[in-house]
Amino acid sequence: MTEKQLIGRIRELRQIKPRKDWVVLTKSQILGEVERERVSVSFFPLWRPALATVTVFGILFISFGFAQSSLPGDFLYPIKKIAEKSQAVFVSEKELPKYNLEIVNKRLDELNEIAQTNQVKKLAPAISEFQANVSEAAKSLAKVKGQDVEKIVEETKKLEENKKKVEDVLATKIETEELDNVLSQIVEIQIKDLEGRTLTERQEEILAEAQNDFDAGNYSQALEKILILSNP
Amino acid sequence: MVLEVDIRGMANLRKIFSQIYDKYIDKIYRFVFLKVNSEEIAQDLTSETFLRGWESFKNGNKIENPQAFLYRIARNLVIDHYREKGRTQVVSAEFAPIVDPREDLEEKAILTSDVDRIKQVLVNLKEDYQNVIIWHYLDDLPIQEVAKMLDRTEEATRVLLSRALKTLKQSIDLRNQ
C-alpha cells in the first residue's frame, strides 16, 4: 500500500458517525430548554402588551367557560357567581324578578346534579347558595306589579318542578318559605283583584280553580290561571 | 428586568452552543471513537465532552476556538478513561461497521478490510500520532492549526505527521504479513 493509498483509506474513516437519534437526544439532554426559551424569551418581549392582553382574556374566557358547569364547593364556582352578578347589573328592574327566579332554578339544577351524583360534600354549600338566591328572588318578587305577573309564571312553574325533583332525590323537603310567602302574597292580590271584576261563568270557574291552587300552595298553577283571566 | 436580561443572555448562550454542538458533534465522536473503539464509551465520553464544554461556556469562560476547546476536553476524558481503571487500549473487531456505497463487492470487501485494519491499528498508536492523523487527514485541519492544538511548531508537527503515517503503515504491513 502506497502512502497515497494509505491516506485515502484513512479518509474512509470519515464514514464513522454517531447515531442520529443519540445526537438529538444528547443535545436535548445538554441544552434541554433551548426550544422552550426561544419561544418565551425572544418572542414574548416583542409582543408583550398584545400577548399579555390576549393571554389574560383567553384565561378569563376559558375560566368562565369551565365555571359555567362548576358546582358549589368547586374552585371555579366563585367565577360563575361573579358572572351572574355582573349579568344582573344589566337587567332592568322589571325583568329582575324573572332573572332571579332563573338563578334560583339554576341553583336547583345544581342541587339536583349534586344529589344525583351523590357529591355529599357539595350539598351543604349548594343548599346555602340556593337559600341565598331564594332570598334575593323573594325581595325582587315583592316589587312585582300586576302587569308583570306574566314574566314570572314560567320560571315559577319551573321552580316548583325542579324543587319537587330535588326533594324526590334527596328524600327531604327543600325550604323555600320566604319565596312561598311572596308568591302567596302575589297570588292573593291577583285573586282579590279578579274577584272585583265582572267575569263570565267560565272565568269564575277558572278563578275558583286558582283559589283552590292557592289554598293548596300550588302558586305557579294559580298564577297560570290568573294569567288566563288577566289576558282573555 | 435583570432576570429577563439574564434569561435572554442564557438563551443566546444556548443558541450559540447549540450551533457549536451541531458543527462538531460528528468530529468529536469520531475522534473519541477511534481512540476507544467502542460505540458506548464513545457516546459517553462525547456527551461528557459537550456537557463540560457547555458548563464552561455558560459560566462565561471565553472560548476563542471551540474546536480546539472541545478536542482538549475530549483528549483529557479519553486519557482519564484509560487511566481510571488501568485500562489498556483494546483492539477489537467490528464496533462501527463502515457502510460504503461502492457496488463492486470485491473492491468493497478489500476496502472495508483495509479501513477496519487502519481503525484497529490506529487505536494502538500513541496519542500524538492518533491526533495528528485524525486532525490533518480526517478533519482536514491545516498543519498550522494542528500545530497550535498540539502546542508544537509547524515543522515539528510535519515531522510528527510523517512519523505517525510511517508507523501506521508499518503496523498495517505487519498485520498483513
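**Notes on a two-chain predicted model**

1. Start with where the chains meet: 25 residues of chain A are in contact with 36 residues of chain B (contact means C-beta atoms, placed from the backbone, within 7 Å). On chain A's side, α1 (3-12), α2 (20-30) and α3 (34-67) each supply at least two residues. The biggest giver there is α1(A), with seven residues. By class, that side of chain A has 13 nonpolar, three polar and nine charged residues. Here Ala, Val, Leu, Ile, Met, Phe, Trp, Tyr, Cys and Pro count as nonpolar, Asp, Glu, Lys and Arg as charged, and the others, Gly among them, as polar.

2. A word on ground rules. This is a predicted model, where local features need pLDDT of at least 70 and side-chain atom pairs count only at pLDDT 80 or more, while totals for chains, interfaces and linings use all residues. Residues are numbered from 1 along each chain as its sequence is written, and chains are lettered from A and ligands numbered from 1 in the order in which they are written.

3. Chain B has seven helices and zero strands (DSSP runs numbered from the N terminus: H or I of at least four residues for helices, E of at least two for strands). Of its 177 residues, 28% are buried, which takes 20 or more other C-beta atoms within 10 Å of a residue's own; 12 or fewer is exposed, and in between is partly exposed. Among chain B contacts with a separation of 6 or more, 62% are between residues 24 or more positions apart.

4. Back in chain A, have a look at helix α5 (residues 96-116) and helix α7 (residues 149-170), which pack at an angle of about 15° with axes 9 Å apart. Axes are lines fitted to C-alpha atoms over the stretch in contact, and angles run from 0 to 180 degrees between N-to-C directions. That angle makes α5(A) roughly parallel to α7(A) (under 35 degrees; over 145 is roughly antiparallel, 65 to 115 roughly perpendicular, the rest oblique). The residues that meet include L101(A), L108(A) and L111(A) from α5(A), and I152(A), L159(A) and V166(A) from α7(A). The classes in this contact are eleven nonpolar, five polar and eight charged residues.

5. Two loop residues in chain B deserve a check. Most residues other than glycine have a negative phi. N37(B), between α1 (2-36) and α2 (39-58), has a positive phi near 55°, and so does D151(B), between α6 (143-150) and α7 (154-176). N37(B) counts as buried because it has 22 C-beta neighbours inside 10 Å, whereas D151(B), with 8, counts as exposed.

How values were computed. Two residues are in contact if their C-beta atoms, placed from the backbone, lie within 7 Å.
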